[in-house]
Amino acid sequence: MALIIPKQYKLKLLPETTEQAIKTLKVSFQEKLSKSLNLRRVTAPLFVLAGTGINDDLNGHERAVTFPIKCMGDRKAEVVHSLAKWKRLKLGAYGIAPGYGLYTDMNAIRSDEDLDNLHSLYVDQWDWEQTITEQDRNLDYLKDVVRKIYNIVKELESQVYADFPHITPILPDKITFIHAEELLQMYPTLSPKDREAKAARKYGAIFIIGIGGNLSNGEPHDGRAPDYDDWISMNSDGYNGLNGDIILWNSILECPFELSSMGIRVDRIALRRQLEICGCPEREMLDFHKALLSGELPLSIGGGIGQSRLCMFLLQKAHIGEVQASIWPEDQITECAKHHIYLL
């Protein structure tokens with residue numbers, strides 16, 4: 001999206017105070033997330049070997065940042081896009097029981113991003129994964145986890161208000177669940193992003209279910225790689241998909257604000273179907289996929305929650321560069337500064 005300059009934007013925290021608030025929010029969130037979902041912290045890689053199937057394809061077209069490893073015959077390594085598949089491998093390696101899981105700090109470089117208020121070259125998020133049983137692979141379990149995460153965000157919003165009373169809470173008490181197909185039926189003439197904007201503005205906080213699979217118009221709401229989230233299995237509401245996005249309404253920018261992408265992960269049946277749909281069945285021969293298909297990996301649910309995005313939203317900032325240090329086009333830095341938006 002194009003750079004948004006909010007009308008009459010008012011800086012609510014000085015950069016030095018913002019830095020302290022960021023620290024408090026990050027520490028508090030991961031402690032609450034760990035307790036709510038029974039997660040232990042683990043150390044994560046910044047890069048993985050190419051050709052193993054461990055790195056994620058996200059929407060399927062983003063290029064990974066790569067480099068040769070001299071002492072391994074110039075074998076290629078890739079900076080991670082996310083850790084969806086790596087986390088599932090760790091669940092299996094550590095033998096983590098159902099109902100328990102892990103989380104980590106995920107740092108990535110996404111060089112293909114269009115830089116604006118919400119998108120940066122540098123990505124920081126909490127990646128988490130929880131082992132589940134076959135009986136947990138359902139919509140009710142997914143919704144329960146979404147509510148737990150949303151409740152943590154609400155708690156932190158109240159904490160920000162207690163520390164800085166001029167930053168008043170804006171989130172609704174509850175998050176609204178809606179399937180991507182329902183959104184299409186509600187707003188058939190709008191684009192997916194405009195549908196999100198309509199629903200997010202109306203409800204304040206939504207979870208859009210079923211992102212990745214084709215809707216009744218023959219198109220997906222948004223892209224999803226075929227080998228982590230399950231977007232094809234039928235759910236109890238009569239639609240396809242056991243995954244989705246948490247989207248909040250950003251009243252500063254007047255736009256939908258994606259905070260988290262998450263879902264119940266593919267089992268063997270869903271993996272094969274989604275690989276076939278996406279025209280890449282050859283991935284079955286990659287290390288990760290072979291392990292999953294042979295039953296070596298546990299069933300799981302997981303996702304990523306943007307760290308800078310969370311801080312940006314709760315501190316009511318207009319640009320993600322106000323809460324993270326990255327690289328921005330000079331004209332964007334200049335334009336933001338004219339309107340009292342100071343990028344770190």
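**Figure 1. H340 and its surroundings in the predicted model.** A polar contact of 3.2 Å joins the side chains of H340 and Y342. The model shown here and in the other views is predicted. H340 sits in the segment after helix 9, a helix that spans residues 330-338. Beyond its neighbours within four places in sequence, H340 is in contact with Y9 and L11. E322 is 18 residues from H340 in sequence. In space, the C-alpha atoms of H340 and E322 are 11 Å apart.

**Figure 2. The whole chain.** The chain has 9 helices and 11 strands. Its radius of gyration is 20 Å, close to the 20 Å that the globule rule gives for 344 residues, so the chain is as compact as a globular protein of that length. Along the principal axes, the C-alpha atoms fill a box of roughly 55 × 55 × 40 Å. Of the 344 residues, 53% are buried. The chain exposes about 15400 Å², and carbon and sulfur atoms supply 51% of that area. Now take the contacts between residues at least 6 apart in sequence: 72% of them join residues at least 24 apart.

Figure 3. An unreviewed UniProt entry lists residues 102-329 as "domain: Aminoacyl-transfer RNA synthetases class-II family profile". Over these residues, the chain is 30% helix and 23% strand. The end C-alpha atoms of the stretch are 36 Å apart.

Figure 4. Helix 6 covers residues 268-277, and its buried residues are A270, L271, Q274 and L275. Seen down the helix axis, these buried residues fall within an arc of 125 degrees, so they line one face of helix 6. An α-helix has 3.6 residues a turn, so residues three or four places apart point the same way. What covers the buried residues of helix 6 includes helix 7, residues 287-293. The face turned away from the buried side carries the exposed residues I269, E276 and I277.

**Figure 5. The two ends of helix 6.** Look at the start of helix 6: a side-chain oxygen of D267 reaches to within 3.3 Å of the backbone nitrogen of I269. I269 is also one of the exposed residues on the face turned away from the buried side. After helix 6 comes G279. The phi of G279 is positive, near 70 degrees.

**Figure 6. S260, a buried serine in strand 10.** Strand 10 runs over residues 255-264 and includes S260. Is S260 buried or exposed? With a relative accessible area of 1%, S260 is buried, because the limit for that class is under 20%. A polar atom of the S260 side chain lies 2.8 Å from the backbone oxygen of G304. Leaving aside neighbours within four places in sequence, S260 is in contact with G244, D245, I246, G304 and I305.

Figure 7. D74 lies in the loop between strand 3 (66-69) and strand 4 (75-79). Q316 is in the loop between helix 8 (307-314) and helix 9. Q316 is buried, with a relative accessible area of 7%.

Key: Residues numbered from 1 in each chain as written. Predicted model: local features only at pLDDT ≥ 70, side-chain atom pairs only at ≥ 80, totals over all residues. Heavy atoms only, no water. Buried < 20%, exposed > 50% of the residue type's maximum accessible area, 1.4 Å probe, protein only. Helix = DSSP H or I, 4+ residues; strand = E, 2+ residues; numbered from the N terminus. Arc of directions from axis to C-beta. Contact = heavy atoms within 4.5 Å. Polar contact = N/O pair within 3.5 Å; in protein donor to acceptor, adjacent residues only side chain to side chain. UniProt positions renumbered as here; feature names shortened; annotations may be inferred. Rg over C-alpha atoms; globule rule 2.2 N^0.38 Å. Areas by Shrake-Rupley, 256 points an atom, 1.4 Å probe, with all protein chains shown as cover.
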